[in-house]
Amino acid sequence: MLPWQKLGETTMPGGGPMTLMQRGTEFSVMSGTITLMNSRMSNSEEQLANLSAARLGARPKARILIGGLGLGFTLRAALKCFAADSEIVVAELVPEIVEWARGPLSPLHGDSLDDPRVHIHLGDVATAINGGKPFDAILLDVDNGPDGLFRPANDRLYNAAGLATARAALTPGGHLAIWSSHPDARFTKRLRQTGMQVDEVPVRARSNGKGDRHTLWFATKAGG
């Protein structure tokens, strides 16, 4: 078996260490010994965009916020399934993630960051949510679940106040979508308390139906 090679390392603002590793054509971003993201497991991240686009339908000039660039699976799926007149804002807190996307991770990202629909917000996704102009969809994949495990500051995205802020930032009929590595009944209840229509969708990590079962939440604002 090929050995892992370290391609880069950094520290998450307000969080722990982050290391980019490669083994053959496989890439992995680690926090210590914990895998944050891996290029062999992309299906649930892609479905975050695919199912979001299906919910929006043919809404013209849709404005989408993706929280977390990561290995780019959600972004690349979004570029395939959202219309040519859409605007896709990608909020990434860690500058090195964007640098790696244009460097050692370019075999994965290709030219996705150069698509004219894409705008990079280098900073906290909470700042992007509060940017003033509403979004038709907000897609969050900034942690391993709604608990701020790897960056405690992310807890404010998932508490009642954070969910209310996200709801206010949505257009009528727009939705908040959240990726998680695990189900969370308490969070599902908290989402429903916002008054939005909530769907909880289990999705396999790999497109072949194998791998861990991840959870996607879609909370839709009334109207539209």
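**View 1. K61 in its loop.** K61 sits in the loop that runs between helix 1 (43–56) and strand 5 (63–67); helices (H or I, at least four residues) and strands (E, at least two) are DSSP runs, numbered from the N terminus. Like every view here, this one shows a predicted model, where local features need pLDDT of at least 70, side-chain atom pairs count only at pLDDT 80 or more, and totals for chains, interfaces and linings use all residues. Residues are numbered from 1 along each chain as its sequence is written, and side-chain values use heavy atoms, with hydrogens and water left out. K61 has a positive phi of about 50°, although it is not a glycine. Most residues other than glycine have a negative phi. K61 counts as exposed, because its relative accessibility is 65% (buried means under 20% relative accessible area, exposed over 50%, partly exposed in between, with a 1.4 Å probe and protein chains only).

**View 2. T74, tucked into helix 2.** T74 belongs to helix 2 (residues 73–81). With a relative accessible area of 6%, T74 is buried. A polar atom of its side chain lies 2.9 Å from the backbone oxygen of E45. Leaving aside residues up to four places away in sequence, T74 touches E45, L48, A49, I66 and L139, where contact means heavy atoms within 4.5 Å.

**View 3. The nonpolar cores.** Here we look at the largest nonpolar core, which has 40 residues. A nonpolar core is a set of buried Ala, Val, Leu, Ile, Met, Phe, Trp, Tyr and Cys residues joined through side-chain atoms within 4.5 Å. M18, I64, I66, L69, L75, I88 and L139 have the most contacts inside this core. Helix 2 gives the most to it, with 5 residues. A second, separate core has 24 residues, including I129, F135, L170 and A219.

**View 4. E200 on strand 10.** E200 is found in strand 10 (residues 197–204). E200 counts as partly exposed, since its relative accessibility is 37%. Its side chain makes a polar contact of 3.0 Å with the side chain of T188 (a pair of N or O atoms within 3.5 Å; within protein, one must be able to donate a hydrogen and the other to accept it, and residues adjacent in sequence count only if both atoms are side-chain atoms). E200 and A219 are 19 residues apart along the chain, and their C-alpha atoms are separated by 8.8 Å.

**View 5. The largest pocket.** This pocket has a volume of about 180 Å³. On a 1 Å grid over the protein atoms alone, a pocket is an open set of points where a 1.4 Å probe fits, with protein on both sides within 12 Å along at least five of seven lines; lining residues have an atom within 4 Å of a point. Grid points are joined across faces, edges and corners, and a volume is the space filled by probe spheres set on the points. Among the lining residues are M41, N144, W179 and H214. Strand 4 provides the largest share of the lining, 4 residues.

**View 6. The second largest pocket.** About 160 Å³ of space lies in this one. E46, N50, F73, R76, A77, L79, K80 and S112 line the second largest pocket. The elements that give two or more residues to this lining are helix 1 and helix 2, and helix 2 supplies the largest share, 5 residues.
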